[in-house]
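I opened my notebook for a short tour of this chain. My plan was to pick a few spots and look up what surrounds them.

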Amino acid sequence: MNIELRHKVGLAIQLLADYKELLTYDKIAILFKENGINQILTDDIYIFLPIIFCQKLLPSVNFPQTYYEQDITGDKEKKSFNDNASYKIIELSSDDYFKNNPDSEVILKIAGLSAEFKAINNLLINGGNLEDVKLTETIILR
């Protein structure tokens with residue numbers, strides 16, 4: 001397990017927690033770059049961290065264990081989250097955060113960046129129940 005990567009993911013969580021403005025990809029990318037997080041890791045954190053936080057926030061929801069990566073030509077490849085090394089490191093760093101008295105506002109802030117959270121929130125706002133949630137596999141554009 002790469003300790004340096006785990007440290008950088010922990011740093012990213014703290015940076016997101018401390019950031020007081022609206023979080024957009026561009027602002028996150030600049031913030032992470034200024035703090036020594038490379039572009040590849042920035043993209044992986046931006047994609048996977050909100051999904052993981054959403055899963056931890058809503059453990060009763062059945063989240064898909066697989067996702068699709070789509071390239072610029074439109075070709076898709078089905079992949080498992082558990083087979084993705086970056087995902088696993090981000091998940092372990094998230095576990096560390098959740099073990100240490102996590103701030104509920106930070107959890108919502110980060111989970112709220114995920115498409116899954118937005119879909120679930122819309123369902124609930126429109127009168128649905130958490131038991132009604134059926135998520136499809138995420139498509140990640142690479």
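Entry one, helix H5. I am working with a predicted model, and I began with what the buried residues of H5 pack against: helix H1 (3-18), helix H3 (39-57), helix H4 (85-99) and helix H6 (115-125). Next I looked up which residues of H5 (residues 104-111) are buried, and found Val-106, Ile-107, Ile-110 and Ala-111. They cover an arc of only 120° around the axis, so they sit on the same side of H5. On the other side of H5, I noted Ser-104 and Glu-105 as exposed.

I then checked the N-terminal end of H5, which is capped by Asp-103. A side-chain oxygen of Asp-103 lies 2.8 Å from the backbone nitrogen of Glu-105.

Entry two, Glu-69. I located Glu-69 in strand S1 (residues 66-70). Is Glu-69 buried or exposed? Its relative accessibility is 16%, and buried means under 20%, so Glu-69 counts as buried. I also looked for a partner for its side chain and found a polar contact with the side chain of Lys-79, at 3.3 Å. Setting aside neighbours within four places in sequence, I listed the contacts of Glu-69 as Asp-75, Lys-76, Glu-77, Lys-79, Ile-140 and Arg-142.

I found Gly-128 in the loop between H6 and strand S3 (139-141). With a relative accessible area of 17%, Gly-128 is buried.

Key. Residues numbered from 1 in each chain as written. Predicted model: local features only at pLDDT ≥ 70, side-chain atom pairs only at ≥ 80, totals over all residues. Heavy atoms only, no water. Buried < 20%, exposed > 50% of the residue type's maximum accessible area, 1.4 Å probe, protein only. Helix = DSSP H or I, 4+ residues; strand = E, 2+ residues; numbered from the N terminus. Arc of directions from axis to C-beta. Contact = heavy atoms within 4.5 Å. Polar contact = N/O pair within 3.5 Å; in protein donor to acceptor, adjacent residues only side chain to side chain.
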